[in-house]
Amino acid sequence: MPYLNSSIDPNSLGFLAILLGGSRAHCLQVQSCPEEVDRDWDGLGILQSRSNIERLIVNDKLRASLCSLLHIVNEEAPGDSWTDLVDNDVEEDTWDVIRFSGRAADGSKRTIKLWSLDHILQALNDPAPHLIKVASFRNVPCCPRFHPRLGWTALVHQPRRVAGGLLILQDRDIFLLKDPSTTTKSLWYAVLGVTCDLLLTSVLLFHTSSYRFLDPPRSRLLVKWLGRYPLRYPDALDEAIKSIYKSETYHPTLRKNLENEMHRLICLGAGVSQKSDSEADDETFIQTSGTLLVTGEHNDIQGPYNRFLFEAPPTFIQSNDNTPLILVVTNPPDLGSGEFEFTSEELTNPSPFSSNSRSYFTHIRTKGGTEWTNAFVKVSSAASIKWERKMLPVISTRISPGMLPKFLAYNADLNSLVMTRLPGKPLNDFRLEYAMTRNCEYLTFKSSRDALRWFVDIEIRRAHEYGLLYSVGKDLADGLEGPDSPIHKFYYDRLHNDVRFTKHYYPTTPGFSGDNAVQFDDFIALPWKIDGVEYPPLQESFREAERILDPHGQVLPKLWACLGLGDGHGGNVMVSPKKQDPAIYFIDYEAAGHHSPFLDLAKPLYLDGFFPVMYHDITSTSSDPTFERAPVSWRIDDGKVCIDLDAPLSDLDKVICFMKLEYTLRPLLEYTAWNLEEQMESARNVLSAALLCCALLTRDFSRHPDSFFLNCAVGILLYNDLKGSLKRFCGWDNWPCVVETSVNEN
């Protein structure tokens, strides 16, 4: 079945041109196509203006004709989604391109990007990389791009959600992958964006004028991408073609044709710009399109990602939503009433990611009923069950629909809650499985890039949900629970009188036994020396952190507060075992409430971002022969605990940590810097102290000295130099600058 239906006239729908791109276009030219490619068609439709696109997509009859043109029988997005998008786009800047997709009768995916000629010329006349906003029903948070010198880059962004259940994906005409200060020819280190790749390389299937209709935009794109004089550099065209067509099976005749065509377009476009040579040179100082994380310099076509370009996150935290947190009262039936029947209990598997409660699976139905419901029963303390029952309805009013379990019943006498059983398993179980085997059951990743895309998709969606919570109830003077928030059990309560550290490590320190035993009181009084830099003793750090995190003190209570999950690390996120768009669910609300977001973020940042550090005792048993053990060595020398620390994070760990910083912490810091500048120092201190607690007071490493000293070293570094340590461990250096304002300006 061809891409276009010959019985439908594209001209009647407003098309100036329709092009077929991707691997399918290549196959079309060589008359050969693998089965997996044959089921995936990607095209580009060019119309004159934005209003032409709106008319095509909103009018039911025209959209039906568009479906017929592409052989689509099942649209990906409901028709009213496009109407909602257009009706709510008052400023006409929500989108530039619409991605329309669906399935044909043979099951193949048919996609076309609708782009106006007006906007194409606007983007390509911009000397800087131009943002292209793509409205799509499908989420694509991570896109691979290849450069023959730099290797694979993952373009990562957080899609913005708009009316109609649609997402706005961030694309650009070109992406700069190397800081201009490191090279005299920065445009050599650029790749095409996805939409412009289609524009340049697709095969023309339909046009209303001559074939040369596309020459001006294509030539402008090449000149912008490669510079005005690429033909002076013999490798320029070769590298450009390699960045577009990675496959070594690319037909040599087609490659030569493309080279000739690009040569012709460059010559055509060389005279487009009227800038002087000096002005043209200024283009080499255009900044990169986002925040760049470099993990390697390899250019192997089959290799992993070695560059990650993160587009700036939406400023979701900027909305001034001080909505009061009104409790939603629900009255689920009491299990003790005798109106329910159960099957036998099936105990859940023990997990290193949650140990505060007991749980089991069962089936439940009303007495005398016929339908059984798969259920999850959680048993905990009376106070925890009461609080979780109270908070679940509150959280449900803020989190996106379908991301929380349904509350079925409770039993006050047995301190238990009954909720719907969720598919899959905790996210950190997947992380652990991948860390130890380089794959996950039921998922079967084809490569490290495939695995990273899956984890990135989930982290992007988690960041969005945290943003929804953190945007609600900001700056409220009185929260639901104030200083009695249950989140303090993870921080202040564990710090106070060294209760948690004593419980785990009294009377002697891990790694020192027999004649070399070091007593607890002596150990916490020793200063530290990590990679040659001295730091205060633990007892001094603990007392200062206790002062900072005291819910009745002078620091934490004066920070702005909002709604938070309290214990939102990956062990409390259920994920279904699907490769494409896995379902995610947030569980465990024992510590949810109204508190500082910098306190709320600490556990997911450390437990997930520093995953191989926190769970080193487990991951160090990996069957992967390339796994490096114990990135830490320790000794007591000259009255100090001396640590030598290697890089503890893998590329995947760095990316996940970086994403939490870029897409969750950064908006929080920017909101604070712009609106509550006087709280910036306190915010940093609270986060630093909370990370110290996570590192040293979460898990018991008394039988694992490597893991103990590794977490001690990382926790001490984060506490004493948060900015420098985040840059060292994962390359993040986006802490916002606080602008000093004079008295007169105030």
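Analyst: Cys730 counts as buried, with a relative accessibility of 1%; buried denotes under 20% relative accessible area, exposed over 50% and partly exposed in between, with a 1.4 Å probe and protein chains only. Cys657 is likewise buried, at 0%. The closest cysteine sulfur to that of Cys730 belongs to Cys657, at 3.9 Å, which is too far for a bond. Across the whole structure, 0 disulfides are found, a disulfide being a pair of cysteine sulfur atoms within 2.5 Å.

The model is predicted: local features need pLDDT of at least 70 and side-chain atom pairs pLDDT 80 or more, whereas totals for chains, interfaces and linings use all residues. Residues are numbered from 1 along each chain as its sequence is written, and side-chain values use heavy atoms, without hydrogens or water.

Aromatic packing comes next. The count is 35 aromatic pairs, where rings of Phe, Tyr and Trp (its six-membered ring) pair if their centres lie within 6.5 Å, with planes under 30 degrees apart called stacked, over 60 edge-to-face and the rest tilted. Trp82 and Phe100 make a tilted pair, with centres 6.3 Å apart and planes at 40°. Trp82 belongs to helix α5 and Phe100 to strand β4, 18 residues apart, so this pair links distant parts of the chain. Both Trp82 and Phe100 are buried. Phe501 and Phe708 also form a tilted pair, at 6.2 Å between centres and 35° between planes. Because Phe501 lies in helix α16 (499–505) and Phe708 in helix α24 (705–720), the pair ties together parts 207 residues apart in sequence. Phe501 and Phe708 are both buried, and they belong to one aromatic cluster whose members include Tyr505, Trp528 and Trp634.

Helices (H or I, at least four residues) and strands (E, at least two) are DSSP runs numbered from the N terminus. Within α4, Leu62, Arg63, Leu66, Cys67 and Leu69 are buried. Their directions from the helix axis to the C-beta atoms fall within an arc of 160°, so these buried residues line one face of α4. Asp60 and Lys61 are exposed on the face turned away from the buried side. The buried residues of α4 pack, among other elements, against α5 (79–88) and β4 (97–104), contact meaning heavy atoms within 4.5 Å. Just after α4, His71 adopts a positive phi of about 65°.
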